[in-house]
Every structure is written in structure tokens, then in C-alpha cells.
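Please walk through this protein chain step by step, beginning with the whole and then moving to its parts. Keep the structure in view while reading.

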Amino acid sequence: MLGRHTAAGRRAALTVLGTLVLTGVPSAAAAEPPPASNAAHTVGADRPPAAVLRAMERDLKLKPGQAAERLVNEAEAGARAGRLRNTLGKHFAGAWVRGTTSAELTVATTHAADVSAIRAQGAKAAVVKRPLTELQAVKKKLDAAATRTKTRDTPVWYVDVPANRVVVQSTKRAAATAFIKAAGLEGKGVGVRLSELRPRLLDDVVGGEAYYIENSARCSVGFAVTKDKQQGFASAGHCGDQGDTTTGFNMADQGTFQSSNFPGKDMSWVAVNSSWTATADVKGEGGQRTQVTGSVQALVGASICRSGSTTGWHCGTIQQHDTSVSYSEGTVDGVTQTTVCAEPGDSGGPYISGSQAQGVTSGGSGNCTSGGTTFYQPINPILSDFGLVLKTAAAQSGAPAPQDNAADTWAAGRVYEAGTTVTHEGVRYQCLQTHQAQGAWSPVATPALWQRL
């Protein structure tokens with residue numbers, strides 16, 4: 001997959017396996033819509049899948065009970081951070097969780113007078129120099145420079161929220177300096193992290209359930225989706241081109257790629273035929289299934305688990321959102337970096353936090369013996385860009401509403417970014433956490449996701 005991203009190049013290198021969530025087996029009974037009394041119940045953090053808890057205890061070295069406590073704390077922290085984001089406005093500089101059970105929420109601001117408001121929400125306050133919007137603008141300059149500058153020796157750059165700076169990861173300091181200069185950011189406080197690791201797409205054959213592209217390459221399904229009445233699944237963009245056909249793990253005809261983006265982004269979706277049924281299931285350790293109930297984006301520092309055919313269930317934490325990675329095949333922007341390990345063959349598998357879908361495996365470095373780093377393409381941009389609805393265990397309704405009404409009327413099926421304002425039943429609300437709206441998640445019913453203005 002050197003040079004231009006062609007289907008032939010992909011198939012020569014891609015033999016990716018992972019987790020299949022579309023099967024001929026009907027999904028389990030839909031969960032009851034959660035009450036609005038607390039954030040943990042809204043996102044299902046108070047009833048986590050057993051497979052997730054076991055993997056968290058193993059990989060995060062937690063004692064019995066601590067994994068469940070951590071998920072509840074992270075859900076509540078997300079809601080509190082969202083409220084503070086809205087309160088602090090232009091002073092907001094990010095939020096993250098820390099501690100064995102994520103009991104410590106820190107919210108950063110550039111305005112010392114905000115400290116009391118932060119503490120009133122039970123969070124620790126950090127007064128910093130740069131608001132999040134400024135850090136994001138700095139990173140966008142690096143993104144732009146990457147389109148005209150070689151980035152082989154500067155393969156990763158990201159917003160480091162806890163450190164309140166943008167960081168370039170480089171194999172050579174001179175290369176990082178040159179990249180920063182090309183972006184016009186000399187003396188602008190961009191940090192440099194030296195590392196010999198070079199992320200790569202996880203694309204070797206290892207065996208296990210798969211779907212096949214044009215009877216050649218193999219990839220894994222991420223999450224089941226629908227578009228109007230059409231069923232399908234989301235996957236990585238480097239798996240196939242629009243129009244490529246797929247067969248399932250059993251070699252039966254399956255579907256066709258409807259859209260695919262790579263590089264730039266690493267996302268695709270496949271529409272399946274009537275022989276396949278979309279479920280809310282993700283296949284976990286030992287063949288057990290866990291169900292997805294939504295796509296609420298988790299905070300930096302939150303726990304996250306990944307499923308893949310090579311290494312099964314593994315968990316870690318989210319390090320940074322909005323990361324850019326320069327693979328040999330091209331640069332991908334907007335992925336999330338994690339401490340979860342992965343190995344060739346795990347590519348394309350789903351990431352979940354509790355029961356909330358987070359994204360699909362893009363690539364990484366290291367392995368599950370010595371440890372590693374992985375990057376995932378967030379699921380919400382896939383849903384938004386392609387007009388898809390995530391298949392969930394909770395009640396869900398229809399297709400996303402037209403995007404030109406995004407600032408006006410709330411609608412199930414639309415992806416809402418944190419800070420977005422909508423009208424629902426004549427009342428204005430502001431979004432607290434990025435998510436795709438479920439039918440049971442109207443603003444009036446979910447104060448964990450929406451704040452009345």
C-alpha cells in the first residue's frame with residue numbers, strides 16, 4: 001500500500017482478521033430504556049458485561065469490584081466534565097480521569113476564577129495557559145504541514161490534554177524540529193517525544209472469523225449499522241474500495257462496500273444482503289457476546305477494551321483523542337491513542353468502554369507480550385460521515401435527520417458533538433458528551449447527556 005491507496009495495493013498487504021458482529025443469529029432482547037436519574041445508568045455503566053470486567057481486572061491489574069466501580073466513576077465523570085465544559089466556555093482546556101478506579105476527575109481552565117465552579121462539581125481544578133480550542137488549532141497546523149512534508153520520522157502528533165500542549169512523537173529530534181518549523185510553530189510550545197516505535201496497520205493473516213474482500217484480502221467487522229432499511233457494518237477504510245464485494249467468514253456472499261475513506265480517515269461501511277442480520281453484539285473472550293448500547297465518547301484516562309481474533313479481549317486506557325498517525329500508506333487524522341495492546345490480525349475489531357462503542361482498530365505498535373500502543377478510528381465520525389445508525393440493544397429509531405437541521409430540532413440517529421445546542425419540545429438544551437442520539441435518549445430524559453439552558 002505504498003504511494004497511492006489502490007485496491008490492488010491493499011489486497012497485496014491486507015489479510016486482516018478480527019471480531020465479527022454481524023451474524024445470522026438474531027440479537028438478544030432489547031434492554032429497557034434507562035432512567036434519567038444518573039449518568040451511569042444512562043450509558044449502562046451500572047450493568048457492565050462480565051467479559052469486559054474480567055479483561056479490565058486482568059489488564060489494568062484491578063481487584064474484584066474495582067472494574068465495576070471504575071466504569072461507574074467514568075460515566076459520572078463524563079457528565080460532570082460536560083457540564084463544566086458548557087459552563088467554562090472559551091476557558092475550557094480539557095478534562096481527564098485518574099486513579100485505580102478513575103475516582104479523580106480533573107478539569108482544566110485558563111481562568112483562575114473558574115476553580116470554585118469546578119470544585120463545586122466534585123472535580124479537581126487545573127489552571128493552565130492554553131484553552132482546548134487553541135491546542136486544537138495548533139494541531140491543525142501540523143495536520144496541514146503533513147500534507148506537504150515527509151512524516152516518516154514524525155509518525156504521531158496529538159493534543160496532550162493533561163500536559164496542556166501539542167506533542168510530536170518522533171524517531172529523531174531533528175525531524176521533529178523540521179516538522180514543527182514547517183508548520184510555522186517554532187517557539188509555540190510544541191513538545192517532542194522521542195520514540196523508535198512506528199505505528200503500522202495491523203494486517204497479517206492469523207486465522208479466525210473474517211470477512212473477505214473480492215475473495216482475496218480479509219478484514220474484521222467493527223460494529224453493525226443500518227442506513228434507512230439497509231443493514232450493514234462499519235469497518236476500517238484500508239480494507240476495501242467503494243464497490244468491492246465481500247463474503248462472510250463462511251465464504252457465503254455477504255455485501256458490498258458503499259463508502260471507504262483512507263488515508264485522511266480510516267473508515268468504511270459495507271451493506272449486507274438479506275442472508276445477514278445486524279445485531280448489537282460484539283464477540284468477546286471465549287466466544288461470549290456483549291451488547292453495545294450506545295456511542296458516548298469516553299474521557300481521556302478512561303478504561304477501554306478491544307476485541308480481536310488474534311489476541312481476544314484486552315483492556316487499557318485512552319491516552320489522547322484527536323491524534324494524527326503517519327503510516328507508510330498515508331496519514332490518518334482524528335484517531336484515538338490507547339494503551340491497549342494488539343497484534344497483526346486484530347485490525348478492524350471494535351473498541352468499547354463499558355457498553356459504549358468507541359471505534360474500530362486502525363493500527364498500532366508493539367504486541368500483547370511486551371505491551372503496545374493502538375489507535376482507533378472513532379465510531380461517531382463514521383456514523384455521521386456516512387449517515388449510519390449504530391445497531392444497539394437499546395430502543396433506536398430510523399435514520400439520522402437531515403444535517404441542515406442540526407442546530408435546531410433534536411432527532412434520534414444524529415451524532416451530536418459536545419457543546420451542540422438543540423431544541424426539544426420547545427426547550428433549548430446543550431450537549432454534554434459526544435454521542436449518537438438513541439430513541440430513548442431524548443434531552444429531557446437524559447441529563448447525563450444534555451443540559452437544559
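The model is predicted. The protein chain has 8 helices and 30 strands. Of its 453 residues, 57% count as buried. The chain exposes about 17,100 Å², and carbon and sulfur atoms supply 49% of that area. Contacts can also be sorted by how far apart the two residues are in sequence. Among contacts between residues at least 6 apart in sequence, 62% join residues at least 24 apart.

Begin with helix H3, which covers residues 50-59. Its buried residues are Ala51, Val52, Leu53, Ala55 and Met56. After H3 comes Lys61, which has a positive phi, near 55°.

Helix H4 spans residues 66-88, and it packs with H3 at an angle of about 105°, the two axes being 9 Å apart. Angles of 65 to 115 degrees count as roughly perpendicular, and H3 and H4 are therefore roughly perpendicular to each other. On the H3 side the contact is made by Leu53, Met56 and Glu57, and on the H4 side by Ala67, Ala68, Arg70 and Leu71. Sorted by class, this contact has 5 nonpolar residues, 2 charged ones and no polar ones.

Helix H6 (residues 132-146) and helix H7 (residues 173-182) have axes that come within 8 Å and cross at roughly 100°. H6 and H7 are therefore also roughly perpendicular to each other. Leu142, Ala145 and Ala146 of H6 meet Phe179, Ile180 and Ala182 of H7. The residues of this contact are 6 nonpolar, with no polar and no charged ones.

Next comes an open sheet of 3 strands, in the order E2-E3-E4 and with mixed pairing. Strand E2 (92-98) and strand E4 (124-127) stand at the edges with a single partner strand each, so one side of each has no neighbour in the sheet. On average, neighbouring strands here are turned by 20° against each other, direction ignored. E2 and strand E3 (residues 104-109) run antiparallel and are joined by 5 bridges. Arg98, for example, has Glu104 in E3 as its bridge partner. H4 packs on this sheet and touches E2 and E3, and its direction makes about 15° with that of E3.

Strand E14 (residues 253-261) pairs with E15 in the antiparallel sense over 6 bridges. These two strands form a hairpin with 5 residues between them, and Gly264 in the turn has a positive phi of about 90°. Strand E12 also runs antiparallel to E15, joined by 4 bridges. Ala271 of E15 is the bridge partner of Thr256, and Ala271 is also the bridge partner of Gly232.

The loop between E12 (230-235) and strand E13 (245-247) holds Asp244. Is Asp244 buried or exposed? Residues under 20% relative accessible area count as buried, and Asp244 is buried because its value is 8%. Asp244 and Glu214 are 30 residues apart in sequence, while their C-alpha atoms are 6.2 Å apart in space.

E19 is mostly covered, with 6 of its 6 residues buried. Ser303, Cys305 and Ser307 point one way, while Ile304, Arg306 and Gly308 point the other way. A hairpin joins E19 to E20 through 3 residues, and these strands pair in the antiparallel sense over 6 bridges. Within E20, His314 is the bridge partner of Arg306. E19 is also joined to E22 by 2 bridges, and these strands run antiparallel. Here the bridge partner of Cys305 is Ile352 in E22.

Terms used. Residues numbered from 1 in each chain as written. Predicted model: local features only at pLDDT ≥ 70, side-chain atom pairs only at ≥ 80, totals over all residues. Heavy atoms only, no water. Axes fitted to C-alpha atoms, helices over the stretch in contact; angles between N-to-C directions. Parallel < 35°, antiparallel > 145°, perpendicular 65-115°, else oblique. Contact = heavy atoms within 4.5 Å. Nonpolar A, V, L, I, M, F, W, Y, C, P; charged D, E, K, R; others polar. Buried < 20%, exposed > 50% of the residue type's maximum accessible area, 1.4 Å probe, protein only. Areas by Shrake-Rupley, 256 points an atom, 1.4 Å probe, with all protein chains shown as cover. Pairing = 2+ DSSP bridges.
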